[in-house]
Amino acid sequence: MTKEHLYINLYENLKKQIIEGQYKSGDKFPSKRALGQHLSVSNTTIEHAYQILSDEGYIYAKPRSGYFVSDVETLPIIARDRDLHASNTYHEENNDNQAQQTYEFAFNLSEIDAEYFPMQQFRKYARDAFEDSQLNLLQHTNPKGEWTLRQEIAHYIFNSRGVTCHPEQIIIGSSTEQLINLLTDILNKGRFIIENPSYPPIKQVLDKKQITYLQVPVNNTGIELEYFDESNNNIAYVTPSHQFPTGYVMNLKKRTQLIHWAQQFENRYIIEDDYDSEFRYFGKPIPALQSLDTKDKVIYISTFSKSLFPSCRVAYLVLPKKLLKLYNALENKEGNTVPAHIQKMVASFMQSGSFERHLNKMRNVYRDKLKFILDALKPYQEQLEIDGALAGMHFTLTVKNGLTMNQCLKNAEENKLKIIPFSKYNKSQQSVKFILGFGGIPFSQLEEHTKALIRALTILKKP
């Protein structure tokens, strides 16, 4: 795509969002610098797109404040996409808390650092949600979810991941697993391709519903695509931004090849699980698959369990327009499983800018934690091999010093350390390998955790 096409495409997308009401009069546009970083495009591209929007009256500039949306009522009206309005309306298994109590140190998955969560701000949004003026939240809600939350999600994923969609394409659910279950109904008789190893709930859902699937190996550049040509399966489920559980990141070449595979036949789709894409620490962010797709073949899924907190229980998917029609035609759709008040709180948190500020803070917190661990393990790089540490809140560690799995686990027990063998997610795993989550470890305990890990997995030289 040429530079000219880039800024024209960006201008068209932003204009469409304004006209369709996804931005309200007076809403602040993202800064040129922030949007350029999120979309991995130059400031010049953003500047050109904003200039056209400004020239046409869709946005206006305030000195030293940025760009804001003009009075929407005065803008030229275009017909909305009728298809979109036809309805009118954990990546990891949970840890056993009882078992955790026997350990002094634990590299658990699915945990966040709650110390930094802006509880006071969130409490304010909770009070607001239960005001008398919000009595409508006590009624039955749209099965897709609260409009305000879907609108905020549409803004967020466009600005942060380049995902282009209308709020009508977004469906809110209580977990990725629940949304996958819904997708199997929409993609009736779909034959799945999943990663091996993979996120456990996808396999559990497919097994429970007796849906055909092929497990395809993953290497350090992502899922191995040569297996696709040998199969007639038509639905690919992938975690390209930080593969679970390996932590590998799918490279741009393979992403392009995967999209090309999906575009070859009408019934092929990709389910992109972008579960912890907010946290990338090294190198330039790779855009979401959905942002690279030009033929509406990618179903985008993500969750707030890492970016907010696990008990929030809010996930979401973005349906291509054709599949949205199939969703609307489904009979006996279950009601939305996320309480309307929770949805309202999250929407207010995002709308105020607090969510983005929180993410920026936590990205630095988790980066510093990861760097501390990696620096501490560096002297033992001949004994320990680290993978999947570019992004996310877990990485893998392979023991190369001759210690067996049983020896490592015994050492860990003696050091009151809980670590999870990688074989829990990949039964065929032969090497001595572990998957380590670091998000929930407080800074004050990080050094002792890391020392316990080193004692358990390395052969220390005698003085």
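**View A.** Val365, Asp368, Lys369, Phe372, Ile373, Ala376 and Leu377 of α13 meet Phe443, Leu446, Glu447, Thr450, Leu453 and Ile454 of α15. The model is predicted: local features need pLDDT of at least 70 and side-chain atom pairs count only at pLDDT 80 or more, while totals for chains, interfaces and linings use all residues. Residues are numbered from 1 along each chain as its sequence is written, and side-chain values use heavy atoms, with hydrogens and water left out. Contact means heavy atoms within 4.5 Å. Helices (H or I, at least four residues) and strands (E, at least two) are DSSP runs, numbered from the N terminus. Helix α13 covers residues 354-377 and helix α15 residues 443-457; their axes come within 10 Å and cross at roughly 30 degrees. That makes α13 roughly parallel to α15. Axes are lines fitted to C-alpha atoms, for helices over the stretch in contact, with angles from 0 to 180 degrees between N-to-C directions. Angles under 35 degrees count as roughly parallel, over 145 as roughly antiparallel, 65 to 115 as roughly perpendicular and the rest as oblique. The crossing of α13 past α15 is right-handed; the term is used if the near helix is turned clockwise from the far one by less than a right angle, and left-handed if anticlockwise.

**View B.** Helix α6 packs against α12 through Thr148, Leu149, Glu152, Ile153 and Tyr156, which meet Gln343, Val346, Ala347, Met350 and Gln351. The axes of α6 and α12 (residues 340-351) come within 8 Å and cross at roughly 40 degrees. That makes α6 oblique to α12. In passing α12, α6 makes a left-handed crossing.

**View C.** A salt bridge joins glutamate 168 and lysine 144, with the closest N and O atoms 2.8 Å apart. Glutamate 168 lies in the loop between α6 (147-161) and β4 (170-173) and lysine 144 in the loop between α5 (119-129) and α6, so the pair ties together parts that are 24 residues apart in sequence. A salt bridge here is a side-chain nitrogen of Lys or Arg within 4 Å of a carboxyl oxygen of Asp or Glu. The count by this rule is 10 salt bridges. Both glutamate 168 and lysine 144 are buried. Buried means under 20% relative accessible area, exposed over 50%, and partly exposed in between (1.4 Å probe, protein chains only).

**View D.** Lysine 322 and glutamate 266 meet through their side chains in a salt bridge of 2.4 Å, N to O. Lysine 322 belongs to helix α11 (residues 321-329) and glutamate 266 to the loop between α9 (252-263) and β9 (269-273), so the pair ties together parts that are 56 residues apart in sequence. Lysine 322 is partly exposed at 40% relative accessibility, whereas glutamate 266 is exposed, with a relative accessible area of 58%. Elsewhere, salt bridges with shared partners join Lys144, Arg150 and Glu168 into one network.

**View E.** Helix α8 (residues 200-208) holds both lysine 203 and aspartate 207, four residues apart, about one turn of the helix. These two residues form a salt bridge, the closest N and O atoms being 3.2 Å apart. Lysine 203 is partly exposed at a relative accessible area of 29%, as is aspartate 207 at 39%. The buried residues of α8 include Pro200, Pro201, Ile202, Val205 and Leu206. Among the elements covering the buried residues of α8 are α7 (176-186), β5 (192-196), β6 (213-219) and β8. Glutamine 210, which follows α8, has a positive phi, near 55 degrees.

**View F.** Eight strands form an open sheet with mixed pairing, in the order β4-β11-β10-β9-β8-β5-β6-β7. β4 and β7 (222-223) stand at the edges with a single partner strand each, so one side of each is left without a neighbour in the sheet. Two strands pair if DSSP finds at least two bridges between them. Strand β8 (residues 235-238) pairs with β9 in the parallel sense over four bridges. Isoleucine 271 in β9 stands opposite tyrosine 237.

**View G.** Strands β1 (residues 59-62) and β2 (residues 66-69) pair in the antiparallel sense over four bridges. Alanine 61 has tyrosine 67 in β2 as its bridge partner. The two strands form a hairpin with three residues between them, and arginine 64 in the turn has a positive phi of about 60 degrees.

**View H.** Serine 70 is placed in the loop between β2 and α4 (97-100). At 11% relative accessibility, serine 70 is buried. Its contacts, leaving aside neighbours within four places in sequence, are Ser25, Gly57, Tyr58, Ile59 and Tyr60.
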